[in-house]
Amino acid sequence: MWRFIASRVGSALLVLLVLTLVVFTLTRVIPSDPAVVYAGPKAPPEELARIRERLGFDRPLPVQYLSYLGGLLTGDWGNSLSTRRPVLTEFAVRLPPTLELLFAAIVFALIFGVILGVLASRKPGGPLDGVVRFLSIGGISMPAFWLGLLLQIFFVGRLGILPATGEFSKEVDYVSPITRVTGFPLFDSFVTGNWVAWSDGLAHLILPMLTLAAYPLGLIARMTRASMLEVQSQDYIFTAKAYGLRERMIRWRLALKNAIPPTLTVTGLSAAYALTGTFFVEVVFNWPGLGQFAADAMLSVDYPSILAITLLGAAGYLLANLIVDIAQARVDPRVRIGSRKGISA
Amino acid sequence: MEVHQQLSQRRRFRLATGLLAAAAAGALMLSGCTVSKQGTGTGDAAKPAVLSVAASAAVTTWDPVRSFSTEALYMGNIYETLLKKNPEGAAEEFTPVLAESWDHSEDGKTWTFHLRTDATFHNGTPVNADAVKQSIEAAKAYGGASFIWAPLESIDTPDEHTVVMNLSYSAPADIIAAATYGAWIVEPSALKASKDDENYFTTGTDGLPIDAGSGPYTLDAYTPGSKVVLTAAKDYWNKDGASHYTTVDVAITPDAVTAQQMLTAGDVDLATSLPAENVQDVAKQVGGEVRKANSPFNYLAYFNTTKAPLNDVKVRQALSYAIPYQDLIEAGAYSYATQSRGPVPKGIYPYSEDVPQYSYDLDKAKQLLKESGHADGLKLTLTYASENPSEARFVPLIKDAFAKIGVDLTVRAELFNQQWEEAKSNPKKAQDIFVVYYWPTYSDAGVDNLTSLFGYTEKPFFNLSYWKNDEYNKLLAEAAPLTGSDRPAAQAKYVEAMKLLVDQAPGAFLYDPEAIMVVPKNLEVGEFNENYPFTTFFASISPKA
């Protein structure tokens, strides 16, 4: 297992290295002067020259790339050209809310996607299957920003039971401020027993979580349904039935365990996809995460930020894949054994 | 045995899921309680009176000298200038702030500002002549908008409360001293500490950026990209200009539709930028009114005058006649705009109603094209900034209208930075038409818009029509110094220059968008000031009795 993980991590690092080169080259060959991004288009030429010299933009590109790589390894990811603060400092503030939202959405999608998928597989073509199909295809095909607005109109505008935007009510700051422990606000309010903030945060989390979960939930439900149907026609299921095991036990324990690996793969991939998907959701719900920062970085060609965000997205993908592989190896011994024999990568 | 184990595991699983469900239900109930407290706006007597605002302004820096971006929203409430320029139509051109009175020599080269004696910075040190001198010298030396102080040669401080600015040529030091950027007066010890440390203000102490201002608010909390909390300054020197709220809580909300949701859901009391197409609905929903005002922004399209066919004035005039201005205003600004009169926005000096406009007249356009020998049509390319949604909406209308006179327009959306770099690199190979959204750095569109946009420089900077007209440049050179000594005479010269500009049409002057705001029924909000387009002065807002 460790060798398996090591080889995966090795290839992941190589992918990231190539990625830095590609993104660095792309962001620097398009005609946009980083000094202008830094100082604004009205800055006079002398000022621009000063900035170029100070920030090293006057050096040849390969030299700039190598010094950027050196910085990456030593924890200096450069300064954002538009906010002028270290990119890692920006991330430290903005990443935790994004990750909390992402985590909640994926856990929600996994639990309910699997339940819906299994229920739908009970009677293919039945009314419940129809409802689940409608929900999952709807979830997959509806754009997140639109779904977010619909949920806001319904839950906030019509019913008035949930807050529209933000991560916490502004009152929380005055009534019961959150003590920082890990920097993950919802988690911190939980571990410090700050129930006012925690419950307020949960209420704020519901709508963006549902919006973000819609796509993976649909995908997971469809995938679970399909693989459940496949598994249910296997011999050992018939055997279990013949032994007189109860229907529910067969479905939820025997069949599901064997049907879950493809679902895990899909979950992993959609989790990584959702990392960038959160950006849309964050804008709609004014969630203080990475989304707006990412959008601004791209529009202003703020290359240190673009690089960092791309690296983060790619690392997210690779990590999700790795976790899925490990989880599959735990669930399905064939993956483990295969890797030992060198069959699977 | 195995079946038994499985069953007991299942019970455990059930128990766990049951607990989870109960916890979730509890959380929902609890959260229901919290949510119902929302949207109280000004709060009750026991809590601080909070004005909550959704604003799109992000913060690039907390350094008042280096600041040159949207953080002016907050800076303008924390820092003060010597004077404030009043909106068009006010009885007086300026409101005195840190300066009580001021005068200038006849030649407009020596400006004397008399400071008030009771103003203090937030840390209690007095605002004196030395602080003013150091602030302005810092702004000239390394400010984000350092170029606004180009005429300044030296500053004398004959006494504690007198500042004398000596200019190398005549210039309107009063307008410059009232600028949005580069004119804030900063506490000298902070200036000293930040001189060589660009991040001094932003890094701050204990996670809170440094505040070295004298204005009605102090900075209380800041979370990048998320929120800014301002608190009414204790012992603020100007009782009349003090805040009506203890706290102003700003949720940084870059997306206007999201800001709209926040306002209509009662999450905030005020939103500084709303989608123009929805303001009427929003006003209805919150029971407020839509308020319109001048803004310093305008849209124009440069014609590339260095190459055929746009080096021919008749072709440029023909294209100017072929633009459906009113349709552009409807599509781009949802009718909240007026057709431009040259590149000086309505309400900004030296705007004048005497400057002519082109009308939408296809017959005239065709006639002019025929006269220039292009009766059989033309092929042109146009670039615009892809991140500007108004341009994306109105540019297709230009393309359609041009097609009616036989001009085949290829439209290219590019990021502004990219579009600008390409346009500056080689005029001969650059685009034919360049759409730009522009505003003056401070309220003198003579030295800014007229000069930056159409004044000739060897290497193109912002004149992306690459137009060179000696008469125009001469008029500008005469008008600029007169602004310091004889403003009406300067205005007359500028108007002459603008008439020439419109006639020669090195660009098409599209429209001046208006500033629009929804004023909710429970708030009194001061007038929008086109001279400070990035700042909402929170002290001008109060609860309606």
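**Note on the predicted two-chain model**

1. Confidence in chain A. Chain A of this predicted model has a mean pLDDT of 85, and 96% of its residues reach 70 or more; pLDDT is the predictor's confidence in each residue, on a scale from 0 to 100. Where pLDDT is low, the predicted coordinates should not be read in detail. Helices (H or I, at least four residues) and strands (E, at least two) are DSSP runs, numbered from the N terminus.

2. Conventions. Residues are numbered from 1 along each chain as its sequence is written, and chains are lettered from A and ligands numbered from 1 in the order in which they are written. Because the model is predicted, local features need pLDDT of at least 70 and side-chain atom pairs count only at pLDDT 80 or more, while totals for chains, interfaces and linings use all residues; side-chain values use heavy atoms, with hydrogens and water left out.

3. Helix α6 of chain A. This helix (residues 127-141) has 15 residues and spans 21 Å from its first C-alpha to its last, close to the 21 Å expected at 1.5 Å a residue; the expected span is 1.5 Å times one less than the number of residues. A:Asp129, A:Val132, A:Ser136 and A:Gly139 are buried in α6(A). Buried means under 20% relative accessible area, exposed over 50%, and partly exposed in between (1.4 Å probe, protein chains only). Seen down the axis of α6(A), the buried residues fall within an arc of 100°, so they line one face of the helix; the arc is that of the directions from the helix axis to the C-beta atoms. On the other side of α6(A), A:Pro127, A:Phe134 and A:Ser141 are exposed.

4. Cover of α6 and the place of A:Ala214. The cover over the buried residues of α6(A) includes α5 (87-122) and α10 of chain A. A:Ala214 is found in helix α10 of chain A and, at 13% relative accessibility, counts as buried. Leaving aside its neighbours within four places in sequence, A:Ala214 is in contact (heavy atoms within 4.5 Å) with A:Gly139, A:Ile140 and A:Leu147. The C-alpha atoms of A:Ala214 and A:Pro143 are separated by 9.5 Å, although these residues are 71 residues apart along the chain.

5. Four-stranded sheet of chain B. An open sheet of four strands in chain B has the order β4-β5-β7-β6, with antiparallel pairing; two strands pair if DSSP finds at least two bridges between them. β4 (99-104) and β6 (152-159) of chain B stand at the edges with a single partner strand each, so one side of each is left without a neighbour in the sheet. Strand β5 (residues 110-115) and strand β7 (residues 162-167) of chain B pair in the antiparallel sense over five bridges, and B:Phe113 has B:Val163 in β7(B) as its bridge partner.

6. Five-stranded sheet of chain B. Here the order is β8-β9-β10-β1-β11 in an open sheet with mixed pairing. The edge strands are β8 (217-223) and β11 (270-271) of chain B, each of which pairs on one side only. Strand β1 (residues 50-55) of chain B and β11(B) run parallel and are joined by two bridges, with B:Val53 partnered by B:Leu270 in β11(B).

7. Strand β18 of chain B. Seven of the seven residues of this strand (residues 507-513) are buried. β18(B) pairs with β13(B) in the antiparallel sense over four bridges, and B:Leu300 stands opposite B:Phe509 in β18(B). β14(B) also runs antiparallel to β18(B), through three bridges; there B:Thr338 stands opposite B:Asp512.

8. Backbone points to check in chain B. Most residues other than glycine have a negative phi, and most peptide bonds are trans. A cis peptide bond joins B:Ala308 and B:Pro309, with omega about 0°; B:Pro309 is found in the loop between β13 (298-303) and α9 (313-321) of chain B. The bond from B:Tyr349 to B:Pro350 is likewise cis, with omega near 0°, and B:Pro350 lies in the loop between β14 (337-339) and α11 (362-371) of chain B. B:Ser335 has a positive phi near 75° and is partly exposed, with a relative accessible area of 42%. B:Tyr466 has a positive phi near 55° but counts as buried at 9% relative accessibility.
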